[in-house]
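Dear colleague,

Please find below the structure that I am handing over to you. My findings follow directly after it.

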Amino acid sequence: MSSKTISLLIVAQNEELNISDCIKSGLFADEIVVLLDRSQDTTASIATGLGAKIIEGAWSDEGERRMRGINACTGSWILELDVDERISPELAEEIKEIVVSSNKDFYLIPFRNFIGDRHVRFGWGAYNGVGAKAALFRRGKKRWHEGTVHPKIELKGAKGKLVNPIDHFVYNDLADMYNRLNKYSTAAASDAVAHQRYPNGFSTFRRFFSRFFRSYFQKQGFREGWVGVALGLFSATYPVLTYLKIKE
């Protein structure tokens, strides 16, 4: 492929309800790679019908899973998109224009985070939503390290920023938010025990208050009403719940 080609990478598991809209938002890419981790529904057939190349397997480590997908891409540029994210037509045009003459190695793309159909601007952070992500990068310029939950990312070269956002449908509703809190804290606790990383109890419980303060006040979650309270409690509870599961 030439230096201007784009591979779209989507990592998914049992996402038959979302994979079609996700892929369709990125059909401008020259190649679509869908990595399926222990998927048992019709995600593969839907993705194949939309022209995607399928990689199937089982990976317990998030970093290993991500790197397997990256290594399967053949484009000179790679665009990572999670299955709950969508690329607007405006962002698609911006990306196509950028890669033609770019002197950068990776780009931060801003995010618009949603709960259901509601665009929630304030209160995000600390494993709960994201403001921007280095989702577009040249081959070899992004590396995921080992880790079960939110592993470390290594970026090389010159950084750029795009203007148009990725739409991120973080949660369907409040129940979905706290189901994910339970899932993430369990995975984080398992990862900590496996690597013998045990947090200090006093510091962990102190973080409950500092994280709520940051989400609700510093990040202005109060401007979102009850949603801001829910986001603040998610952020505050995550390290405490993880700590308790480690002890268990």
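Helices and strands here are DSSP runs, a helix having at least four residues and a strand at least two, and they are numbered from the N terminus. Please bear in mind that this is a predicted model.

Most residues other than glycine have a negative phi. Asn-14, although not a glycine, has a positive phi of about 50°. Asn-14 is situated in the loop that runs between β1 (6–12) and α1 (19–25). Its relative accessible area is 36%, so Asn-14 is partly exposed.

Gln-220 is likewise not a glycine, and its phi is positive, at about 60°. The loop between α6 and α7 contains Gln-220. With a relative accessibility of 28%, Gln-220 counts as partly exposed.

Two packed helices are described by the angle between their axes and the distance between the axes. For helix α6 (residues 201–218) and helix α7 (residues 226–247), the axes come within 8 Å and cross at roughly 165°. Because angles over 145 degrees count as roughly antiparallel, α6 is roughly antiparallel to α7. The crossing of α6 and α7 is right-handed. Sorted by class, the residues in the contact of α6 with α7 are 13 nonpolar, 7 polar and 2 charged.

Two buried residues

Glu-62 belongs to helix α3 (residues 62–72). Is Glu-62 buried or exposed? Its relative accessibility is 12%, and buried means under 20%, so Glu-62 counts as buried. The side chain of Glu-62 makes a polar contact of 2.6 Å with the side chain of Arg-66. When residues up to four places away in sequence are not counted, Glu-62 touches Gly-147, Thr-148 and Pro-151.

Ile-55 is part of strand β3 (residues 53–57). At a relative accessibility of 13%, Ile-55 also counts as buried. Which residues is Ile-55 in contact with, leaving aside its neighbours within four places in sequence? They are Val-33, Val-34, Leu-35, Leu-36, Arg-68 and Ala-72. Arg-121, by contrast, is 66 residues from Ile-55 in sequence, and the two are 35 Å apart in space, C-alpha to C-alpha.

With kind regards

Conventions:
Residues numbered from 1 in each chain as written. Predicted model: local features only at pLDDT ≥ 70, side-chain atom pairs only at ≥ 80, totals over all residues. Heavy atoms only, no water. Axes fitted to C-alpha atoms, helices over the stretch in contact; angles between N-to-C directions. Parallel < 35°, antiparallel > 145°, perpendicular 65-115°, else oblique. Left-handed = near helix turned anticlockwise from the far one by under 90°. Nonpolar A, V, L, I, M, F, W, Y, C, P; charged D, E, K, R; others polar. Buried < 20%, exposed > 50% of the residue type's maximum accessible area, 1.4 Å probe, protein only. Polar contact = N/O pair within 3.5 Å; in protein donor to acceptor, adjacent residues only side chain to side chain. Contact = heavy atoms within 4.5 Å.
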